[in-house]
Amino acid sequence: MSRCKGSTMSSAMKYLSKSINTSILVSLKNGSMIRGILKSYDNHLNLILDNAEEIVTTPDGPTSSKIGKRVLIRGDNVIAISTSKIEEEDEV
Amino acid sequence: MSRCKGSTMSSAMKYLSKSINTSILVSLKNGSMIRGILKSYDNHLNLILDNAEEIVTTPDGPTSSKIGKRVLIRGDNVIAISTSKIEEEDEV
Amino acid sequence: MSRCKGSTMSSAMKYLSKSINTSILVSLKNGSMIRGILKSYDNHLNLILDNAEEIVTTPDGPTSSKIGKRVLIRGDNVIAISTSKIEEEDEV
Amino acid sequence: MSRCKGSTMSSAMKYLSKSINTSILVSLKNGSMIRGILKSYDNHLNLILDNAEEIVTTPDGPTSSKIGKRVLIRGDNVIAISTSKIEEEDEV
Amino acid sequence: MSRCKGSTMSSAMKYLSKSINTSILVSLKNGSMIRGILKSYDNHLNLILDNAEEIVTTPDGPTSSKIGKRVLIRGDNVIAISTSKIEEEDEV
Amino acid sequence: MSRCKGSTMSSAMKYLSKSINTSILVSLKNGSMIRGILKSYDNHLNLILDNAEEIVTTPDGPTSSKIGKRVLIRGDNVIAISTSKIEEEDEV
Amino acid sequence: MSRCKGSTMSSAMKYLSKSINTSILVSLKNGSMIRGILKSYDNHLNLILDNAEEIVTTPDGPTSSKIGKRVLIRGDNVIAISTSKIEEEDEV
């Protein structure tokens, strides 16, 4: 089963593996956006972020408020994760 | 079990397999629409999109805003995925 | 397990099997109605529809708008699927 | 596992087994009520109904509108199923 | 696994076992309250109730309306079940 | 698997084990608060409470209304359970 | 399977393991924030907190109200957990 799970999650896992120690932006099902340095993850998409801050969009543009030096986000809340880094190689 | 999973997901997986490196439009449960180039997927319908942008419908027509060079969408948020490409062969 | 799964889903699977290449109407949990030609399905009720269009009910009656030549609908969004075809034989 | 599943679902399955080819009323999580002749079911409570109609309660009493000659309802939308038939024997 | 399942659900199962053929009040996630005679159940908390009626609280007190001679309630809608019967022995 | 399940739920199970026959306060996902004597539980967090009452907060302070001598709460509705008892020993 | 589960949850589990006996802030899906001393957890993210208090943000700043000396939070309600402690070593 571990082999099965490993392979089925590989796209998400490879994506996260390449994003370790970089800044990612996480959008959550409750409507909030969290930015932080990805320190760790697991195959439920649980995420450990350092220097996490919530991004709030206001009429004057986005502002951020700190929410913790190290934050655990439970994976089932995640809608999407974005990063500005695109690898040269195609094999995600 | 991997054989079992593989067969049960085959329709969705074949669809996504044929859409690799093409532009797809993803509608999500939170009401948003995301367009991007499909780079990878897995059998939870987790998707990796490049040059992703959110499509917002306004009274003046649809507009788009960039959301990241490479985005991971967690599969359980997906309602539907569309593409304009229909294969000639019937066997999806 | 595949034997178990196969048998438990048989009613839905037989229904969909008989509807291949016919027009079906799918009602989704977000309130939308999608009509299209069923090309493929799997036992999560993931559906592949060709020439899919969304049916919107207006005061002037139902109207439709195209949403893609080939659309994948994630099965967990489905409330119901209807077709106008009733087989003569009773064994669904 | 099939033995396990079989036994755990027996109450619901026996109920549905006795209702085959009779009219049932299904209440769904989206608030709608569907009436139809039960033709088939499986242990996810997926239901196949013939001559299905939606029952809408108006100030003038309930009205019904046809929704398809044969309808598949995905079991996870079901709240309750009722029938007017009570078997004489006690063993449901 | 059947042994495992059997033991994990034992509290709920014993409770329901003692309530067979007695009147129970079921509160559902959609906000409704259903009262009826418990005829059967399974370990998903699927319930078969006879002479089921919905209890509606009005400014003039609770009123009830019949909803079917025999009703199947899908277990995942259940919030709580109450009964006025307390067994003398402590071992639930 | 039973060994696995047993160990993964041990924190919650030990907590509930120590609370048997004491009064606990349960907050549910529908916003209600239930207080009662914990008589039994299982590893889905299904709870059997005696002398259960719903706690309603009003402008004049909390009031309570009885909801049953013995109540079964389905575990998936539970947000949190509190008790005023702290064991001396640290090993929860 | 226990080995599989153990490894898949390792990021979240290691995070919680390092936070034992420290104050953590838990944000829940119902919008509330709970602060308390983490005493125990399991791999469903069920949490046991001592001296738990709910943090409410008011126009005059955050206030807190006690909710129990020892509280069990069901893991599926958790959105995120934060702590102010960052370990020196990188291996989360």
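This report describes helices, paired strands and salt bridges in a predicted model.

Residues are numbered from 1 along each chain as its sequence is written, and chains are lettered from A and ligands numbered from 1 in the order in which they are written. Because the model is predicted, local features need pLDDT of at least 70 and side-chain atom pairs count only at pLDDT 80 or more, while totals for chains, interfaces and linings use all residues, and side-chain values use heavy atoms, with hydrogens and water left out.

Helices (DSSP runs of H or I, at least four residues) and strands (runs of E, at least two) are numbered from the N terminus. In chain A, helix α2 covers residues 10-19, and its buried residues (under 20% relative accessible area; exposed is over 50% and partly exposed lies in between, with a 1.4 Å probe and protein chains only) are S11(A), A12(A), M13(A), Y15(A), L16(A) and S19(A). Just after α2(A) comes N21(A), with a positive phi of about 70°. In chain F, the buried residues of helix α2 (residues 10-19) are S11(F), A12(F), M13(F), Y15(F), L16(F) and S19(F), and α2(F) is followed by N21(F), where phi is positive, near 70°. An α-helix has 3.6 residues a turn, so residues three or four places apart point the same way.

**Paired strands of chain E**

Two strands are taken as paired if DSSP finds at least two bridges between them. Strand β2 (residues 33-41) and strand β3 (residues 47-58) of chain E pair in the antiparallel sense over seven bridges, with I34(E) opposite E54(E) in β3(E). The hairpin of β2(E) and β3(E) has five residues between the strands, and L45(E) takes a positive phi near 70° there. Strand β3(E) also runs antiparallel to strand β4 (residues 61-73) of chain E, to which 11 bridges join it; L49(E) has V71(E) in β4(E) as its bridge partner, and the hairpin from β3(E) to β4(E) passes through two residues.

**Salt bridges**

A salt bridge is counted where a side-chain nitrogen of Lys or Arg lies within 4 Å of a carboxyl oxygen of Asp or Glu, and this rule gives 21 salt bridges over all chains. The table lists some of them.

| Pair | N to O distance |
|---|---|
| R74(B) and D76(B) | 3.1 Å |
| D76(C) and R74(C) | 3.1 Å |
| R70(F) and D50(F) | 2.7 Å |

R70(F) lies in strand β4 (residues 61-73) of chain F and D50(F) in strand β3 (residues 47-58) of chain F, so the pair ties together parts that are 20 residues apart in sequence. R70(F) is buried, at 4% relative accessible area, and D50(F) is buried at 8%. Salt bridges that share partners join K29(A), R74(B) and D76(B) into one network.
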